[in-house]
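Here is a short note to read beside the model. Please keep the sequence and the 3D view open as you go through the points.

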Amino acid sequence: MKEQEGVIKYQLNHTQQPINQPFPFTEINAWRTIAVRLDLIGQDPKRYDNIGFGNISQRINADSTQFIISGTQTGHIEQLCPEHYCLIVKAEPKQNHLESCGLCKPSSESLTHASVYGQSNAIQAVIHAHSPEIWKHTAALNLPHTTADIPYGTVEMATAVEQLFQSGRLAEISLFTMLGHEDGVVAFGRNMKEAAWELINYLALAIGIEQQGNNR
Ligand SMILES: [Zn+2]
């Protein structure tokens, strides 16, 4: 059976109230809009049964374990408002558990974001995009990846992400694909720009491979 996008699989303890502390909004929201314009985040009747895809997150400050993430099912909106973001107050990816606060529930893939942040305090921003081009060319681009038997948003994914970091591959490249999640790509960085730049850089390389194929 085809996996359904957008379904929250983890145990969520969500408090439905406005985020009660200041958080960085302008930068994450601008980069999210760029991702929407590049079809890396969005909603499209021709893709995944018209369910919103992709999401973006950032630590609320450099030393915090808490992060903000775009809310679930916001893919159809090009420019989000602060109330479309959710604060992940506490994350325990290995226990399949998240605590959140906000007017929106967190994205169904928040557990994967949390497991990336858990690997290094230097990681400040994470983008989960859907890119058919990058995903399809995982092998040609020699990209680190989680295997096809690992579904998104699960404890198995959290463990697989940890193993990818331990393998050392993510020291040289800050992007991996999830072969068990159609078109799923995760990019991260020391700031929003770095995460977005890695993603766009690999999108260019993947499009280059496609275009070479077309010209043969
Ligand atoms: Zn996804």
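1. The axes of helix α2 (residues 110–117) and helix α4 (residues 155–166) come within 9 Å and cross at roughly 30°. Axes are lines fitted to C-alpha atoms, for helices over the stretch in contact, and angles run from 0 to 180 degrees between N-to-C directions. Helices here are DSSP runs (H or I, at least four residues), numbered from the N terminus. Angles under 35 degrees count as roughly parallel, so α2 and α4 are roughly parallel to each other.

2. This is a predicted model: local features need pLDDT of at least 70, side-chain atom pairs count only at pLDDT 80 or more, and totals for chains, interfaces and linings use all residues. Residues are numbered from 1 along each chain as its sequence is written.

3. Which residues of α2 meet α4? They are Leu111, Thr112, Ser115 and Val116, and their partners in α4 are Met157, Ala158, Val161 and Glu162. Two residues are in contact if their C-beta atoms, placed from the backbone, lie within 7 Å.

4. Look at Val116 in helix α2. Is Val116 buried or exposed? Val116 is buried, with 27 other C-beta atoms within 10 Å; the cut-off for buried is 20 or more. Leaving out residues up to four places away in sequence, Val116 touches Ile123, Val126, Val161, Val186 and Phe188. Val116 and Ala158 are 42 residues apart in sequence, yet 8.1 Å apart in space, C-alpha to C-alpha.

5. Beyond its neighbours within four places in sequence, Ala195 contacts Ala125, Val126, Ile127, Ala187, Phe188 and Gly189.

Technical notes: Helix = DSSP H or I, 4+ residues; strand = E, 2+ residues; numbered from the N terminus. Parallel < 35°, antiparallel > 145°, perpendicular 65-115°, else oblique. Buried ≥ 20, exposed ≤ 12 C-beta atoms within 10 Å, placed from the backbone.
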